[in-house]
Amino acid sequence: MQEIEIIKPDDWHVHFRDREILKVVVPETTRNFARAIVMPNLIPPILNGKQAILYKERINKAIPKTDNFEPFMTLYLTEKTNKNDLEEAYNNKAVFAAKLYPAGATTNSDSGVKDIKNIMPTLEKMAKIGMPLLIHGEVTHNEVDIFDREKVFINQNLDFICKELPELKITLEHITTEDATMYVNQGNQNLVASITPHHLALNRNAIFVGGIRPHNYCLPILKREKHRKSLIKVATKGNKKFFLGTDTAPHFTSYKENCCGCAGIFNATYCMSILAQVFDDYNSIENLEKFTSLNGSNHYGLSKNKTKIKLLKRENPIVFKKQIKVGNDSISVFNPNFPVYWEVI
Ligand code: DOR
Ligand code: ZN
């Protein structure tokens with residue numbers, strides 16, 4: 001039996017939603033993570049500091065008394081965002097970062113940005129005050145193939161932002177391609193990327209094995225094996241520019257198993273077990289801590305967590321629970337469908 005101890009991880013990209021879902025998913029994250037950046041794509045979205053503070057209070061109420069956890073709030077950028085309000089919300093510590101959703105790119109992104117040029121004054125302000133920009137990096141034009149949307153975003157938009165504002169702290173979120181790993185690796189020191197457990201664990205075949213698999217549908221969509229391998233390489237080497245952002249994104253099972261199923265994978269429950277297994281499979285368990293607990297806080301200029309967690313490699317694989325109940329519906333729990341031996345104890 002093998003055991004490891006690592007600094008308690010942080011999750012730099014979560015969706016907690018609101019109301020009844022929030023209550024059941026928050027403890028799934030706070031069990032193993034000390035801090036998280038919380039996405040603002042609610043309906044309606046979190047557009048100002050006041051809404052962020054109220055949302056944070058609802059999250060704090062859902063944290064079990066036994067867990068120490070700090071949520072970091074974000075603002076949803078639109079073409080109408082007032083840069084002075086944004087600065088005030090940041091200076092008051094109501095929010096930690098701002099999120100850029102290209103309009104139509106994903107769940108609840110309709111109020112997002114149609115043309116990056118329209119928000120350049122806001123981005124300039126963010127660069128000036130040191131506020132991080134978090135980017136869903138996909139274009140949305142129908143003529144661009146869904147598997148190419150990240151690469152085209154990098155070429156058409158990200159490159160422009162990085163050249164205009166090299167001092168802006170940017171996280172290209174949930175990257176999925178070799179193009180992204182290369183661009184970020186070669187980019188300036190303020191440009192980093194987060195990676196999800198599902199994009200490390202699966203390639204795009206997982207959406208179609210033996211039939212259509214709605215629980216493996218997320219955005220950006222899973223990619224070819226060569227892209228997954230490129231993510232594996234930067235993550236398991238402990239490369240400083242890459243860290244964990246799970247993009248755990250709960251939807252009701254009935255909305256996933258649907259003729260127009262929602263994008264999003266709920267992976268909070270076994271995230272650390274799956275990651276330990278992936279790192280172990282690539283003989284890199286010693287770099288797990290950098291990916292989950294050090295690289296992200298280092299980029300964001302935060303201290304590392306003081307507590308630790310232990311993981312134990314069992315004789316037999318974990319039997320995953322399939323679902324978490326929410327009222328009369330449920331949320332389906334991500335299972336990568338390979339044996340996972342590592343358990344958080
Ligand atoms: O698959 C996804 N689901 N990708 C996103 O970017 C958003 C998320 C959600 O909010 O459901
Ligand atoms: Zn997300």
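1. Start with N41: an N or O atom in its side chain sits 2.9 Å from an oxygen atom of ligand 1, a polar contact (N or O atoms within 3.5 Å of each other). R17 does likewise, with a side-chain N or O atom 2.7 Å from an oxygen atom of ligand 1. For H15, a polar side-chain atom lies 3.4 Å from a ligand 1 oxygen.

2. On its own, ligand 1 has 280 Å² of accessible area, and the protein covers 99% of that (Shrake-Rupley method, 1.4 Å probe).

3. A word on the model: it is predicted, with local features needing pLDDT of at least 70 and side-chain atom pairs counting only at pLDDT 80 or more, while totals for chains, interfaces and linings use all residues. Residues are numbered from 1 along each chain as written, chains are lettered from A and ligands numbered from 1 in written order, and side-chain values use heavy atoms, without hydrogens or water.

4. Who else is around? The shell of ligand 1 has 14 residues, with R17, N41, T106, L219 and H251 the closest (a heavy atom within 4 Å). By type, the shell splits into four nonpolar, eight polar and two charged residues, with Gly counted as polar and Asp, Glu, Lys and Arg as charged.

5. Now the rings. The whole structure holds ten aromatic pairs (Phe, Tyr or Trp ring centres within 6.5 Å). F16 and F69 form an edge-to-face pair, because their ring centres are 6.2 Å apart and their planes at 65 degrees (edge-to-face means over 60 degrees).

How values were computed:
Polar contact = N/O pair within 3.5 Å; in protein donor to acceptor, adjacent residues only side chain to side chain. Phe/Tyr/Trp six-rings, centres within 6.5 Å; stacked < 30°, edge-to-face > 60°.
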